Amino acid sequence: MNSILDKYLITFFVLVLAIPVTQTKVVAASSVSTIQKNQDSEQLIKQAQQLYQNEQYVEAIRVWQQAVSDYQQREDILNQAMALSNLALTQQKLGDLTAAQDAIASSLELLETQSQTETQQRIFANSLDIRGSIERSQGKSKKAFETWQQAAEIYRESDNHSAIIQNHLNQAQALQDLGSYNRASKILKSVREQLANQPISEQKASRLLSLGNTLRETGNLERSEEVLKQAREAADKLKTEHQQSAVLLSLGNTLRALGNRDSQSPSIQTVNLSSSQCIAESNLGTKNAYYAQAADCYQQAALSPDQATKIKAQLNLLSLAVQNQNQDREVIDLQGQSSISELITQIKTNLAQLPVTRTSIFDRLNLVQSLICLQPNTIQFSSPIAQQCPASTKNNLNISWGEIESEINIAQQQANQLQDKQAQAHTLGYLGAIYQQTGRFTPALESTNKALLTMDSTTAPETEYLWHWQLGRLYQLQNQPEKALQAYNTTFAILQSLRQNLVAINPEIQFAFRDRLEPVYRERAALLLNNNNPSQKNLRQARDTIEALQLAELNNFFREACLDAKPQTIEDVDGKAAVIYSIIFEDRFAVILSQPGKDLKYYETDSGLREIESVFTELNANLLPVLSSNAPLKPHQTFYDWLIRPLESELEQNGTKNLVFILDGIMRGIPVASLHDGEQYLIEKDYNLALTPGLQLLASRSLSSDSLETISAGLTKSRQGFDPLPNVNTEVKEIGTLVPSEILLDGDFTRDRLQMQIATSPYPIVHLATHGQFSSRAENTFLLTWNNRIRVKDLDELLQERNFTENNPIELLILSACQTAAGDNQAALGLAGVAVRSGARSTVATLWSVQDDSTAELVTQFYKALKIPGISKSAALRQAQLKLLEDPRHQHPYYWSAFVLVGNWL
């Protein structure tokens with residue numbers, strides 16, 4: 001998606017709450033005689049419901065408050081509680097979470113004074129569901145989960161299976177927020193099983209639709225596609241047009257998310273599909289196929305008799321077409337739409353026919369987002385709204401900025417009419433973006449500040465950060481770096497506060513992380529380091545920013561907020577180490593050196609991102625000895641000059657022995673041991689080397705040389721299309737002669753056998769000699785076993801289910817024969833993901849698949865070194881690498897520098 005309002009489109013028809021107002025009305029009207037006898041009260045309820053459904057929340061709140069007062073005067077406790085619950089629900093919609101919390105608390109207090117009749121329990125459970133939703137909106141996912149569990153117990157006692165299913169979907173989302181991926185998956189699997197046994201009905205189709213959307217929100221895209229196709233089949237059999245179009249819209253969103261996830265696939269081509277393609281099985285597996293299927297789903301959904309669904313489908317089709325433009329052709333064949341221009345005209349016509357609601361306002365802003373992305377972008381610090389546009393678009397539609405501004409003005413008038421502060425804030429923010437893009441910086445600042453002031457009474461940090469970011473960029477354009485930094489500091493603080501639930505609050509952020517979040521971190525760091533002699537305060541903040549970026553990248557990698565960071569200093573971990581942070585900017589490369597008890601040091605070079613990528617490509621081209629150029633070590637020397645040479649005297653003066661690298665972006669894939677100063681490799685300089693995603697993710701325990709016991713598993717034969725590894729047999733058996741070992745080879749090396757061995761053996765080392773791949777995508781990061789693949793998301797379940805106390809963790813995970821994915825410059829992120837997800841304190845792995853005879857030799861030397869009393873893991877790895885370097889057959893860096901230690905180096 002190209003808009004901050006993605007969730008309003010992408011999560012359309014997701015039942016976030018288990019109690020729509022209409023359901024509450026049915027409960028009250030059918031069970032409480034007071035409403036049946038009193039026509040005025042019945043009219044109040046109907047009026048409030050209609051206002052809610054029309055998204056006229058301010059007026060709906062007024063009517064609900066009147067209903068609460070009426071029921072209170074008549075001492076009708078149950079209906080008073082019902083009205084309070086719906087009042088809370090409506091206040092939540094407006095973002096007034098404090099008022100919503102007070103209203104739902106009052107409702108529950110009243111209900112607790114009443115006898116536990118069937119009606120009381122039904123209203124009580126529904127009110128608990130609303131409280132859980134409010135708590136989750138406040139970022140209190142643990143409380144929300146507990147509240148929903150309480151509601152589920154009532155539903156179970158009353159055999160309300162339909163409510164239980166929706167309640168479980170809510171629970172799964174809360175668990176996802178908390179990083180409990182396995183528990184969330186088990187709940188969603190249970191929901192799938194329950195629905196599978198139900199006969200086809202409109203309710204089943206609706207629940208499948210809700211499940212499919214929840215699976216997409218929790219990052220399980222393939223399963224979401226599968227479930228939504230089942231929902232489509234059910235809706236087709238029932239011939240319910242409204243459900244058919246709703247499912248098509250959601251299925252299109254999931255297919256689009258799959259295409260976004262596969263955005264590193266080969267170049268785009270035009271795909272023309274039949275009308276049934278969006279539910280057909282496809283083996284293409286590329287973003288092109290997914291995008292084309294999504295477009296077809298949107299086109300079919302746009303035929304819906306429901307005007308709101310039709311417009312959302314058209315808007316999604318438009319933004320998808322804009323997203324996938326390049327200089328030569330349009331990716332999406334609009335099939336029936338002669339041009340993007342015609343589609344825009346139809347959307348405008350349809351929007352004009354909609355009643356004024358919050359949804360219609362957001363729909364108009366989504367149109368604005370696409371129109372902005374069709375304009376040229378010539379501003380250095382463009383608005384974050386424009387930042388989210390595709391890198392390459394074309395504008396042959398003759399749409400002026402004035403026309404776009406007119407659409408925002410309409411949206412603003414409608415937001416003012418509804419007195420909807422959230423909608424008002426969004427329209428003001430977009431207006432500021434238009435002013436910024438057209439060079440009117442003073443009104444842009446005024447409008448953006450108004451947006452933030454309007455949001456003061458609401459709680460929407462997942463979008464508030466965007467307007468603070470916009471403010472920061474505007475101050476940069478006006479050459480006010482101090483004010484810009486202040487705005488970036490606020491933006492950063494918001495993102496940090498959302499760290500554990502940002503993915504859950506706006507699940508689509510993960511698919512455009514590098515556009516929507518990563519720049520905030522880098523731009524803040526750039527402002528903090530805007531001269532060659534930054535203050536210690538600025539250096540500390542820049543270092544913390546890069547640490548936070550590393551953590552955010554890993555959470556995004558897993559598509560769940562799963563990492564529990566604990567701030568640490570280098571003194572906390574190792575009083576003798578030096579930590580080197582690298583930071584890549586577009587126009588320069590920065591290095592921060594952190595040493596125990598000393599001031600931070602800062603160095604920078606004028607080499608920016610493009611030059612770094614070029615040298616990295618050259619280094620990879622020289623990896624194989626037979627393909628090396630006439631100057632094979634030139635890129636190794638360039639990286640040495642950038643990363644190490646400025647620090648040499650400082651490191652030598654302090655007698656540093658351990659060098660720890662926290663590398664940024666593409667530099668994670670550099671074999672640091674082979675950096676070369678023109679005379680010798682870094683590994684020859686008496687430095688022990690290690691990588692870590694950040695000090696805050698380190699476990700601080702070292703491996704004892706007198707407790708070396710290993711679970712060794714490996715493959716020697718060709719499996720699943722991978723080449724045989726004949727020397728693995730020698731490698732594993734040699735390990736067995738050096739340390740006590742449990743060996744699983746070939747057919748014995750299955751996931752189940754490995755899991756059982758890990759669960760029942762207290763051995764501190766797990767050694768897997770098998771093919772594996774590290775990728776920037778969790779779906780493509782895996783380890784090969786005899787009968788299947790262990791994916792990175794399953795590593796924690798596999799390696800941490802040990803039937804022992806925390807005194808028996810896995811200290812060291814060794815992965816030989818793995819490699820980073822070809823053509824993926826960010827693939828080393830997968831290695832960091834494996835290291836963190838496994839729960840092991842340290843991981844030794846290979847950046848590329850090394851010739852297995854030299855691998856066996858290095859691994860043997862590593863185990864021999866580990867047996868030396870008092871030696872650290874990083875020192876043991878260095879000794880093993882030096883042994884190979886001394887061997888004339890293996891002197892080339894290809895054979896020994898691929899091995900890296902990630903995590904605790906002691």
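Predicted model: local features only at pLDDT ≥ 70, side-chain atom pairs only at ≥ 80, totals over all residues.
**Stop 1: a helix pair**

Select residues 358–373, which form helix α18. Two packed helices are described by the angle between their axes and the distance between the axes. Angles under 35 degrees count as roughly parallel, so α18 is roughly parallel to α21. Turn the view to look through one helix at the other. The crossing of α18 and α21 is left-handed.

Now show side chains. Which residues of α18 meet α21? On the α18 side, pick Arg358, Ile361, Phe362, Leu365, Val368, Gln369 and Ile372. Their partners in α21 are Gln422, Ala423, His426, Thr427, Tyr430 and Ile434. Colour this contact by class. Eight residues are nonpolar, four are polar and one is charged.

**Stop 2**

A disulfide is a covalent bond between the sulfur atoms of two cysteines. Cys373 and Cys389 form one, with their sulfur atoms 2.0 Å apart. Sulfur atoms within 2.5 Å make the pair a disulfide, and by this rule the count comes to one.

Look along the S-S bond next. The angle about this bond is -80°, and the link is left-handed.

Are these two cysteines buried or exposed? Cys373 has 1% relative accessibility and counts as buried. Cys389, at 12%, counts as buried too.

**Stop 3**

Select Cys297. Its relative accessible area is 0%, so Cys297 is buried. Move on to Cys818. This residue is buried as well, with a relative accessible area of 0%.

**Stop 3: Gln150**

Select residues 141–157 to show helix α9, then pick out Gln150 within it. How does Gln150 count by accessibility? At 36% relative accessibility, Gln150 counts as partly exposed.

Next, show what Gln150 touches. Leaving aside neighbours within four places in sequence, Gln150 is in contact with Phe124, Leu128 and Arg131. Finish with a distance label from Gln150 to Gly132. These two are 18 residues apart in sequence, and their C-alpha atoms are 9.8 Å apart in space.

Key
Residues numbered from 1 in each chain as written. Heavy atoms only, no water. Axes fitted to C-alpha atoms, helices over the stretch in contact; angles between N-to-C directions. Helix = DSSP H or I, 4+ residues; strand = E, 2+ residues; numbered from the N terminus. Parallel < 35°, antiparallel > 145°, perpendicular 65-115°, else oblique. Left-handed = near helix turned anticlockwise from the far one by under 90°. Contact = heavy atoms within 4.5 Å. Nonpolar A, V, L, I, M, F, W, Y, C, P; charged D, E, K, R; others polar. Buried < 20%, exposed > 50% of the residue type's maximum accessible area, 1.4 Å probe, protein only.
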